[in-house]
Amino acid sequence: INEIKTDYVKGSDLGNQLDIKQNKTDNALNTTIKTVVGAINEVKSNSDKQTTAIEQNTKDLTDIKSDYVKSSEVNEKQNVTDDNLGTEDLTIVGAINEINAKKVNYDDFSIFQESVIQYETITNNSLESKQTKTDKGLTTNNKTIVGAINEIKTNISRWTNVGFSQSSRFFKYDLANNQKYRVSFHWNSVDDTTSKIYKEFIWTGTDMPLETYFDGFNETNPGLGNANIIQLTATNTGITIHDKAGSSKVGRIISLEERF
C-alpha cells in the first residue's frame, strides 16, 4: 500500500494534478509552444495550413495539366496529316522536305507558309516547344522547323522587278534566253497607272506576241477592219504595246519582272 501511495495520486487530486501538468512548460516538446495544449494547437494549426497548401497545389497542377500537352502529344501533332498543307506530303516535316527537294516559286511558298501559320493557330501554339528543337528528319541545313522554313524562303526563286519604263507603251530590258518573265499592263487609258493584267512568258530569243486587244470600231479607216488592233509584244530589248492595225491611244505597261 505504501508503494502504491508513492507511485500514484489520489483520485480526488487527479484533476488538479493533470491541470498542473497540462499547463506546465515542457522543454522536451519540439514545438515553439512548450505546453501540452499550446503544442497540440500549434501542430493542428500547421497541419491545417499544409492541408490548404496541398489542396491549392493540387488545383494548380490540375490547371497546368489542362493548359499544356505532353511532349509525345506535340510530336504526334507535328507528324499528323494536315489537309491545309498544299504539298503532296501533308505532315509538317514531310512538307518542308518536299519543298526543299525542288525549287519552288515565291507564290507557292507563301501558300505553304500560311498553312504552317494556320496549323500553329489550330493547335493552340502547342508546336512552339517542338519548333525550336533539332529534328534530324529535315533535309535542310537548319534542323529546326522555323530555321528550315527561313532557309527555304531564302533559297526559293521569286519575281524581281527589272528594266525601266521609257514610255507608257515601252518597257526597256534586254531579255535573256530561257528566262521566265512577267509583265503587268492594261488596256485602259494611258493615264491609268494602277490597273494591272499579268502575263507570264519564257523568252525564246525571237519576237513574241503576248496579248492582242481590239479597240472598238474603226470609223476613220473602215478598210482596216472592224477595230483598231493593239498588241503587247516581247522583243529582245523589252516589252512594247504597238498598234497592229489602226491607231489607238489605250494601253500602258506598268512593270516587268524576272524569275530568279
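This report describes the strands, the nonpolar cores and some individual residues of one predicted protein model.

## Basis of the model

The structure is a predicted model, in which local features need pLDDT of at least 70 and side-chain atom pairs count only at pLDDT 80 or more, whereas totals for chains, interfaces and linings use all residues. Residues are numbered from 1 along each chain as its sequence is written, and side-chain values use heavy atoms, with hydrogens and water left out.

## Overall composition

The secondary structure of the protein comes to eight helices and nine strands. Helices (H or I, at least four residues) and strands (E, at least two) are DSSP runs, numbered from the N terminus.

Of the 260 residues, 32% count as buried. Buried means under 20% relative accessible area, exposed means over 50%, and partly exposed lies in between (1.4 Å probe, protein chains only). The protein exposes about 16,900 Å², and carbon and sulfur atoms supply 49% of this area; accessible areas come from the Shrake-Rupley method with a 1.4 Å probe, and for residues only the protein chains shown count as cover. Among contacts (heavy atoms within 4.5 Å) between residues at least 6 apart in sequence, 53% join residues at least 24 apart.

## The four-stranded sheet

Four strands form an open sheet in the order β1-β9-β4-β5, with antiparallel pairing. Two strands pair if DSSP finds at least two bridges between them. The edge strands, β1 (159-161) and β5 (197-202), each pair on one side only. From one strand to the next, the twist averages 35 degrees; axes are lines fitted to C-alpha atoms, for helices over the stretch in contact, and angles run from 0 to 180 degrees between N-to-C directions.

Within this sheet, β4 (residues 180-189) and β5 are joined in the antiparallel sense over six bridges. Tyr181 stands opposite Phe201 in β5.

Strands β7 and β8 form a hairpin with two residues between them, and their antiparallel pairing extends over seven bridges. Ala234 has Ile239 as its bridge partner in β8. Strand β8 also pairs in the antiparallel sense with β3 (residues 170-172), over three bridges; here Phe170 stands opposite Thr240 in β8.

Thr235 is found in β7 (residues 228-235). Thr235 counts as buried because its relative accessible area is 12%. Leaving aside neighbours within four places in sequence, Thr235 is in contact with Leu175, Trp203, Asp207 and Thr240.

## Nonpolar cores

In soluble globular proteins, nonpolar side chains tend to be buried together. A nonpolar core is a set of buried Ala, Val, Leu, Ile, Met, Phe, Trp, Tyr and Cys residues joined through side-chain atoms within 4.5 Å. The largest such core has 19 residues, and those with the most contacts inside it include Leu175, Val183, Phe201 and Ile239. Strands β4, β6 (208-215), β7, β8 (238-245) and β9 (250-259) each supply at least two residues of this core. Strand β4 gives the most, with four residues.

Not counting residues up to four places away in sequence, Ile239 touches several residues, among them Phe170, Leu175, Val183, Phe201, Ala234 and Leu256. A second, separate core of 12 residues includes Val93, Ala95, Ile96 and Ile145.

## Helix α8

Ile145 is also one of the buried residues of helix α8 (residues 145-155), which include Gly147, Ala148, Ile149, Glu151 and Ile152. Thr144 caps the N-terminal end of this helix, with a side-chain oxygen 3.1 Å from the backbone nitrogen of Gly147.

Notes:
Polar contact = N/O pair within 3.5 Å; in protein donor to acceptor, adjacent residues only side chain to side chain.
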